[in-house]
Amino acid sequence: TRACFNSLEDKELTTVIDAFEEKKYKAGEVVIKQGDEGDVIYLVDTGELDCEKVFKAGDPPTYLKTYKPGESFGELALLYNAPRAATIKAKTDCLLWALDRQCFNNIVKDAAMKKREKYEATLKKVELLQTIDPYELGQICDALKPEKVAAGTKIIKQNDQGDKFYILDEGKAYASKVTEPGKPEERVFEYSKGGYFGELALLKNEPRAASVIAETECKLLTLDRMAFKRLLGPLENLLQRNSEAYVKYIKK
């Protein structure tokens, strides 16, 4: 399930599961519509649904993603008491489980809000993500997985195949690189809170360009390859609303 349920204790999770109601939709049916008031969050049991968003009045909708079994949607309207941020339509016949606002607010909202606010604060320190749409930021928050590593841990190793993108939430780390065969690694870059690494290997499908070592105990937020490609890659699409930051990225 989505990260908004990950903060729940076992007892709370059992209560939530008991409160879900079964909902069926045929292919082509709209489940939620951008701009409408939202009072339900949905969990996908079977089938797939497409998510589209109109970013500017008069523009055609932009495809964002396809929801698949195990994913949930609709929590943004409930978390922030705001209109639906996007339109979600059944791509195939679907079986969904619906949780109403009252149950969501009583059990899920507090835990989810605390986690989302913490992650959003970190993501807003990441230069390349500072101007993205709040909906996209929320999607990234929900996909992040926390990891803790001890000082001295080699988080990624030069020349290994990459399968994760990392954002440094707490602690310090540094990059080191073998620039000439036979010579020791050289320290080439330092990371602090809000720093990120590992994206180039995922974007280019190439081995890691450098090693990254935890200088202190570190708390990391990670995206696996699939989530990274869906949410952040290709970066050109994400960064077209922030050309200055994109130019800086290319120069690096």
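This is a predicted model: local features need pLDDT of at least 70, side-chain atom pairs count only at pLDDT 80 or more; totals for chains, interfaces and linings use all residues.
1. Let me start with S176, which is found in strand β12 (residues 173-177). S176 is buried, with a relative accessible area of 4%. The side chain of this serine has a polar partner: a contact of 2.6 Å with the side chain of E185.

2. What else is S176 in contact with, leaving aside its neighbours within four places in sequence? The list is Q158, E185, E186, R187, V188, A210, S211 and I213. So E185 turns up here too, alongside being the polar partner of the S176 side chain, because contact means heavy atoms within 4.5 Å.

3. Now for the overall picture. The protein chain holds 8 helices and 16 strands. Of its 252 residues, 45% are buried. Take the contacts between residues at least 6 apart in sequence: 77% of them join residues at least 24 apart.

4. Four strands make up an open sheet in the order β2-β7-β4-β5, and the pairing is antiparallel. Which strands stand at the edges? They are β2 (30-32) and β5 (62-67); each has a single partner strand, so one side of each is left without a neighbour in the sheet. From one strand to the next, the twist averages 30 degrees.

5. If you want a spot to look at, V30 stands opposite K89 in β7. Helix α4 (residues 134-143) packs on this sheet, where it touches β4 (49-53) and β5. The direction of α4 makes about 25 degrees with that of β5.

6. Is α4 largely enclosed or left open? Of its 10 residues, 9 are buried, so the helix is largely enclosed by the rest of the structure. The buried residues are Y135, E136, L137, G138, Q139, I140, C141, D142 and A143. As background, an α-helix has 3.6 residues a turn, so residues three or four places apart point the same way.

7. The largest nonpolar core has 20 residues, and those touching the most other members are L123, I140, L144, F165, I167, L223 and L232. At least two residues of this core come from each of α3 (101-123), α4, β11 (164-170), β16 (218-224) and α6 (225-231). Which element gives the most? That is α4, with 4 residues.

8. Not counting residues up to four places away in sequence, I140 touches L123, I132, L223, L231 and L232. There is also a second, separate core of 18 residues, and V31, V40, L49 and A98 are included in it.

9. On to the rings: the structure holds 7 aromatic pairs. One of them is Y42 with F73, a stacked pair at 5.4 Å centre to centre with 25 degrees between the planes. This pair links distant parts of the chain, with Y42 in strand β3 (residues 40-46) and F73 in strand β6 (residues 72-73), 31 residues apart. Y42 counts as buried at 8% relative accessibility, and F73 is buried with a relative accessible area of 1%.

10. A second ring pair is Y166 with F197. Their centres are 5.2 Å apart and their planes are at 15 degrees, so the pair is stacked. Here too the pair links distant parts of the chain: Y166 belongs to strand β11 and F197 to strand β14 (residues 196-197), 31 residues apart. Both Y166 and F197 are buried. Going back to Y42 and F73, ring pairs link them with Y25 and Y67 into a cluster.

11. Last, a backbone point to check by eye. N159 has a positive phi of about 80 degrees although it is not a glycine. Most residues other than glycine have a negative phi. Where does N159 lie? It lies in the loop between β10 (154-156) and β11. N159 is exposed, with a relative accessible area of 56%.

Notes. Residues are numbered from 1 along each chain as its sequence is written. Side-chain values use heavy atoms; hydrogens and water are left out. Two strands pair if DSSP finds at least two bridges between them. Axes are lines fitted to C-alpha atoms, for helices over the stretch in contact, and angles run from 0 to 180 degrees between N-to-C directions. Buried means under 20% relative accessible area, exposed over 50%, partly exposed in between (1.4 Å probe, protein chains only). A polar contact is a pair of N or O atoms within 3.5 Å; within protein, one must be able to donate a hydrogen and the other to accept it, and residues adjacent in sequence count only if both atoms are side-chain atoms. A nonpolar core is a set of buried Ala, Val, Leu, Ile, Met, Phe, Trp, Tyr and Cys residues joined through side-chain atoms within 4.5 Å. Rings of Phe, Tyr and Trp (its six-membered ring) pair if their centres lie within 6.5 Å; planes under 30 degrees apart count as stacked, over 60 as edge-to-face and the rest as tilted.
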